[in-house]
Amino acid sequence: MSRRHLVRASAATVAATAMLAACSGGSGDTTDGGGEEAAACEPTDGQVELTYTGWVPGMEAAVEIWNENNPDIQVTYNSGPAGNAGTYQDFFNQLEADEAPDLGQIEFDTLPNFRVQDGLVDIGACEGVLDAGDQFVDWTWQQVTFGEEGSVYAIPQDTGPMAMFYRADLFEEAGIEVPTTWDEYAEAAQAIRDEGSYITHFPRTDVNWFAGLVWQNDGQWFSNDGDAWTVDLTGPESTEVAEYWQGLIDDDLVKDTAGFSDEWNNELNTGELWTWVSAVWGSNSISSGAPDTAGDWAVAPMPQWEPGANAAGNWGGSTVAVLQGSEHPYEAAQFALWLNTSEEALTTLNQEGGLYPATTAGLELPALQEGLEFYGGQAIFDVFAEAAAGTDPNFTWGPTMAQTYNDVADGFGAALGGSGTLTDALESGQEATIQTLQSQSIPVAE
């Protein structure tokens, strides 16, 4: 697979984030390339014990492989909820209390938050880190360096091109065509509701999922001219997506079940939900949460706004970062490198957790070329490779995405409860984001 087939960070995002980190009021020790932490990256004498928190299913299996082969560097893995569902706030609280784990899983869209808050160790001087850059898809390495020569603030782990998981058996039994456009998706939603089920759910807290839908529709929430940020959560592309889903909500065609909850898993397992527009890593979420449906699911491209188009969005994609306060940055960096470049680790993480590697070699793993029994033998990663090729490389993340997500999620929750609309949520989220940026002395365009 060509590197061109995967999304890349825009150059403006990288440069502007570095500039804004410097003016955010941090301590300054890690805002310059090759700061104290990078210069002090030396091996620790004797036995080392590391802690690592993330949420990739099956990560325990990869950690066990490392521990078996590295008796002097042992890693304890703690699984938490997906980042915005609680782990990020835990990280921020732990950093404040100087109790953070040595390593943490942080998505690309939220990495700038931790950079601005001075929560990341610069591991650029740790052995092998800078030399590893050419192993990763270009855009992912740009995002972990923030454009600073000699500095690296995390190791890329995976990306999240989006497609549509669907119950092939239920569509066939009901005689409903698998939708290829969003208009057809709404028609299918009504037909499925007539059958007594729902086409999908609308998650109030997974605002980064909604951002992926906006991404597909050529929307942009942030831009930067090198001097200041423009915030635009209410542009026509975003509004179109919001109004579309508001219509489905108003007509009782989607559920408001919380994603990744036991209730949601049960609805997938019992056929109450027929589709899920999600990222590639969602393949494992379905197989682990709905085991009784093995062989019944398939994957198709995201529904399109225009017939015949091939546009997709991206949801997620993560890094493994060494967090401030770690006493063993050298060993933590070595583990992070192995975890995200070793064929053994990447194969395990793909098979156990559906992880879609951020390394160019990882994308050629045999495991990604095979059909999956749970999906009726379909080679589903071929669909996601096409999705990656249809994803705009220039979607820009803002410097305070975690807060933006939280503010929009509050509005989404109100809308699902009958108070206001999704469009209202975007408007209030935009106002709150601007206030957050200004409160941190981050320049905002008028």
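Visitor: How many residues in the lining of the second largest pocket are charged?
Guide: This is a predicted model, in which local features need pLDDT of at least 70, side-chain atom pairs count only at pLDDT 80 or more, and totals for chains, interfaces and linings use all residues. Residues are numbered from 1 along each chain as its sequence is written, and side-chain values use heavy atoms, leaving out hydrogens and water. In this lining, seven residues are nonpolar (Ala, Val, Leu, Ile, Met, Phe, Trp, Tyr, Cys, Pro) and 14 polar (the others, Gly among them). The charged class (Asp, Glu, Lys, Arg) has three.

Visitor: What volume lies in the second largest pocket?
Guide: A pocket here is an open set of points on a 1 Å grid, with protein on both sides within 12 Å along at least five of seven lines; lining residues have an atom within 4 Å of a point. The space in this one is about 430 Å³.

Visitor: Which element gives the largest share of the lining of the second largest pocket?
Guide: Of its 24 lining residues, Tyr-88, Gln-89, Phe-92, Asn-113 and Gln-117 are the closest to the centre. Two or more residues each come from α4 (87-96), α5 (111-116) and α16 (401-416). The largest share, five residues, belongs to α4.

Visitor: Which element gives the most to the lining of the largest pocket?
Guide: That pocket holds about 640 Å³, and Trp-55, Ala-82, Phe-260, Trp-281 and Ser-285 lie nearest its centre among 32 lining residues. At least two residues each are supplied by β3 (103-107), α11 (262-270) and α12 (282-289). With four residues, the top contributor is α12.

Methods:
1 Å grid on protein atoms, 1.4 Å probe; cavity = no way out; pocket = protein on both sides within 12 Å on 5 of 7 lines; lining within 4 Å. Points joined across faces, edges and corners; volume = space filled by probe spheres on them.
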